[in-house]
Amino acid sequence: MRRELFVRNGAKATSIDDIAKAAGTSRATFYAHFTDKQDVIRELARGMWEAAFAIYEQFGTLKDWSYPSIEGWMRQLFDAWERHSAPRMSSRK
């Protein structure tokens with residue numbers, strides 16, 4: 001489950017129906033896997049934590065601490081940040 005609904009609408013305004021529709025499933029299927037919205041939010045947070053931890057763990061396993069090695073790790077970090085960051089809001093004029 002992606003978190004775009006929560007980012008766009010906020011947790012309060014995102015309904016179970018919204019989540020089920022975005023997942024291409026029914027409310028019944030939703031409830032077969034989750035108790036409520038908080039379960040979904042916890043699962044999203046757990047997934048984000050695991051992804052972040054895996055990237056930081058890689059830093060400790062760098063074979064050398066040269067500029068190219070650290071730069072490569074930082075590129076992975078920033079690429080992950082971009083993939084998982086909230087959609088950019090268009091600027092108003």
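User: Leaving aside neighbours within four places in sequence, which residues is Asp 18 in contact with?

Analyst: Asp 18 is in contact with Leu 5 and Ala 13, where contact means heavy atoms within 4.5 Å. This is a predicted model, in which local features need pLDDT of at least 70, side-chain atom pairs count only at pLDDT 80 or more, and totals for chains, interfaces and linings use all residues. Residues are numbered from 1 along each chain as its sequence is written, and side-chain values use heavy atoms, with hydrogens and water left out.

User: How far apart are the C-alpha atoms of Asp 18 and Leu 5?

Analyst: They are separated by 7.8 Å, although the two residues are 13 apart along the chain. Besides Asp 18, the contacts of Leu 5 beyond four places include Gly 10, Thr 14, Ile 19 and Ala 22.

User: Why is Asp 18 called partly exposed?

Analyst: Its relative accessible area is 31%. Buried means under 20%, exposed over 50%, and partly exposed in between (1.4 Å probe, protein chains only), so Asp 18 is partly exposed.

User: In which helix does Asp 18 lie, and how many helices and strands are there?

Analyst: Asp 18 lies in helix H2. The protein chain has five helices and zero strands; these are DSSP runs (helices H or I, at least four residues; strands E, at least two), numbered from the N terminus.

User: What puts the buried residues of H2 on the same side?

Analyst: The buried residues of H2 (residues 16-23) are Ile 16, Ile 19 and Ala 20. They cover an arc of only 95° around the axis, so they share one side of H2; the arc is that of the directions from the helix axis to the C-beta atoms. These residues pack against H1 (4-9), H3 (27-33) and H4 (37-60). Exposed residues Lys 21 and Ala 22 are on the face turned away from the buried side.

User: What makes up the largest nonpolar core?

Analyst: Seven residues: Leu 5, Phe 6, Ile 16, Ile 19, Phe 30, Val 40 and Leu 44. H1, H2 and H4 each give two or more residues to this core. The name applies because they are buried residues from the set Ala, Val, Leu, Ile, Met, Phe, Trp, Tyr and Cys, joined through side-chain atoms within 4.5 Å.

User: How do you know that Arg 27 and Asp 17 meet in a salt bridge?

Analyst: Their side chains come to 3.1 Å, N to O. A salt bridge needs a side-chain nitrogen of Lys or Arg within 4 Å of a carboxyl oxygen of Asp or Glu, so this pair counts. Arg 27 lies in H3 and Asp 17 in H2, so the pair ties together parts ten residues apart in sequence.
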